[in-house]
Amino acid sequence: MEDKNLLIANLLFPDITQTPEDMEKRFPERALAEGAKVTRIAPSPTGFVHFGNLFPAFVSERLARQSGGVFLLRIEDTDSQRRVEGAVDTIISSFAHYGLVFDEGVTANGDSGIYGPYSQSQRAFIYHVFAKDLVERGLAYPCFLTKEELEDIRAQQEAQKVLPGCYGRWSRYRDCGFETVKQLIDEGKPYVLRLRSPGKEGGRITFTDVVKGKLEMDENYVDQVLLKSDGIPTYHFAHAVDDHLMRVTHVVRGEEWLSSLPLHLQLFRVLNFKAPKYLHISLLMKQDGGSKRKLSKRHDPEAALTYYRQQGYPVRAVREYVMTLLNSNYEEWRMQNPALPLEDFKFTTAKMAHSGSLFDLQKLDDVSKNTIAAMSAAEVTKQVLDWSRDFDPKLHALLSADRARTEKIFEIGRNDAKPRKDIAKWSEIRGYTDFFFDSLFEIKDAFPENVSPADTKQILTRYKSIYSEKDDPQQWFERVKELASDLGFAQKPKDYKNNPQLYKGHVGDISMVLRVAVTGKTKSPDLFSIMQILGKDCVIQRLCSAANKIKE
RNA sequence: GGCCCCUUGGUCAAGCGGCUAAGACGUCAGCCUCUCACGCUGAAAACAGGAGUUCGAUUCUCCUAGGGGUCACCA
């Protein structure tokens with residue numbers, strides 16, 4: 001019996017001379033401080049980075065950083081069908097954009113670290129060492145079932161209402177003799193390598209997940225594929241080998257992996273590996289009509305990480321939002337420590353959500369408004385320019401032409417005790433700044449209806465002659481108030497409210513006329529500041545132009 | 001369908017046997033105010049349902065329902 005397995009192993013892997021012990025020596029235990037966590041993210045290079053990918057990545061990064069451990073990037077490119085050109089660079093730059101920097105693994109300039117290679121496609125040899133060992137020990141076997149045969153078996157299993165898959169009596173090649181295997185191989189029949197699962201039907205296993213707590217599940221008894229017919233491992237096998245050899249201590253991944261946990265645990269056991277700790281985090285959901293569903297890259301634009309860059313959400317805002325979803329006490333901490341960097345927060349797995357959160361763009365907007373409100377005008381200017389260079393070149397040209405002036409625009413209402421909180425993302429900037437540029441300026445909103453056209457014209461023409469750039473804000477407003485009373489409007493809104501019959505309106509109406517003429521809108525930040533930035537010539541010109549268009 | 005996870009206001013969520021069941025976003029009202037934004041005050045709004053354990057259950061147990069995940073030579 002021993003002989004048979006040995007013969008098959010040598011037949012299947014004639015070139016493999018190294019042993020698992022050799023691998024253990026080549027990738028020794030890490031010399032890290034007690035409690036240091038080694039984490040990784042292991043995306044497949046499909047070219048699409050999901051917003052949800054950010055969550056395990058954040059958790060992994062925090063756990064490693066906070067413990068003085070290692071955070072590494074491994075690329076799971078075992079599925080040649082899904083590989084996309086340039087995807088690895090996209091992955092690295094996307095995560096880097098959100099402040100996730102790896103200590104080890106795949107980088108833009110090749111691998112970094114002694115536990116590599118870090119792309120699974122380059123680790124075939126390593127997997128084969130362990131595969132051969134499993135065959136030798138009777139824990140794996142070649143399976144020559146064709147796709148059609150497998151479909152056939154599945155159909156029968158469905159008819160009998162038993163668990164589909166290759167296992168026990170359903171697995172024809174499970175206990176083949178050496179001669180049979182040799183003959184099939186000589187014939188050139190393709191095969192996969194399957195686990196000879198030691199699991200029993202009806203067996204149960206218990207396990208403790210770091211966030212979910214104690215779990216009990218069916219034991220795995222399916223002879224899962226370890227090596228595909230091209231010799232490349234499946235995710236499951238690669239996961240066990242890689243995370244062991246890379247000395248990963250904590251595997252953080254989405255909840256969708258929970259159901260394959262029994263298989264993974266079994267693999268670690270048959271390979272004589274110590275299993276890592278697992279953190280299965282809940283999926284990000286999306287409200288769809290009356291029910292929830294997984295945030296989907298096909299239906300939801302916000303599922304793509306690139307969406308947030310396009311929309312112009314500041315990196316810091318997205319990081320804040322992710323943290324508020326990840327740790328329920330983060331928001332509270334942030335309110336108490338508005339100025340501290342996110343890194344100062346003590347992230348704990350105990351405060352992680354057990355159920356799936358619904359993705360909430362409104363909340364993101366709020367978080368983002370707060371973070372932008374806390375930025376300096378210089379910072380806003382820098383970020384707006386960076387964003388518009390890529391996503392609104394026309395606006396970029398205008399804003400970058402006179403950077404000091406642009407900074408003044410963002411200065412408005414920013415240094416007050418109660419700073420303005422009206423920008424959630426940079427894509428809103430166009431509507432926020434367009435009236436500062438003649439090429440974009442147009443009167444979009446109507447003049448107030450309660451002011452007669454004649455009065456409107458009066459306001460515009462008379463204001464031209466009293467406007468002085470030298471005024472301070474108080475003087476400026478005094479002039480508006482004087483103009484108001486000259487034309488029969490109340491200087492204080494309260495006066496008008498108390499005695500509406502005495503006035504045509506109040507000072508607010510006067511400024512509204514001016515506001516619409518100068519900004520084209522009924523809503524704007526502080527008018528005085530806006531006029532200062534536009535300059536007298538521009539202000540007068542706009543007042544004239546507006547006055548000319550009024551038909552009495 | 002099997003197995004697994006989840007279930008407090010519209011959303012995110014505190015709670016860990018005894019509370020008028022926090023807070024945040026959103027909504028609404030009021031105040032402030034030359035518009036908007038900010039800020040302030042207030043309001044509406046929740047323990048999925050049913051059994052049990054207990055002097056007492058949002059909290060512990062079981063059942064039901066609902067939602068989600070997973071059952072590949074994809075990860």
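# Reading helices and loops in a predicted model

Analyst: Let's start with helix α8 (residues 235–245): 9 of its 11 residues are buried, so the rest of the structure largely encloses it. A residue counts as buried if 20 or more other C-beta atoms lie within 10 Å of its own, as exposed if 12 or fewer do, and as partly exposed in between, with C-beta atoms placed from the backbone. Helices (H or I, at least four residues) and strands (E, at least two) are DSSP runs numbered from the N terminus.

User: Where does this picture come from, and what pLDDT does chain A average?

Analyst: This is a predicted model, in which local features need pLDDT of at least 70 and side-chain atom pairs count only at pLDDT 80 or more, while totals for chains, interfaces and linings use all residues. Residues are numbered from 1 along each chain as its sequence is written, and chains are lettered from A and ligands numbered from 1 in the order in which they are written. The predictor's confidence in each residue, from 0 to 100, is the pLDDT; chain A averages 92, and 98% of the residues score at least 70.

User: Which elements do the buried residues of α8 pack against?

Analyst: Contact is judged by C-beta atoms, placed from the backbone, that lie within 7 Å. For α8, the partners are α2 (20–26), α5 (124–136), β9 (225–227), β10 (250–254) and α9 (261–270). Among the buried residues of α8 are Phe237, His239 and Leu245.

User: How many residues of α21 are buried?

Analyst: In α21, 12 of the 13 residues are buried, so the rest of the structure largely encloses this helix too. Its cover includes α18 (453–466), α19 (473–486) and α23 (536–549).

User: What span does α21 reach?

Analyst: The expected span of a helix is 1.5 Å times one less than its number of residues. Helix α21 (residues 507–519) reaches 18 Å from its first C-alpha to its last, close to the 18 Å expected.

User: Which backbone angles deserve a look?

Analyst: Most residues other than glycine have a negative phi, and most peptide bonds are trans. Here, lysine 161 has a positive phi of about 55° and lies in the loop between α6 (147–159) and α7 (178–186). Arginine 247, which follows α8, also has a positive phi, near 60°. A cis peptide bond joins glycine 116 and proline 117, with omega about 0°.

User: Is lysine 161 buried or exposed?

Analyst: Lysine 161 counts as exposed, because it has 7 C-beta neighbours inside 10 Å.

Key:
Two residues are in contact if their C-beta atoms, placed from the backbone, lie within 7 Å.
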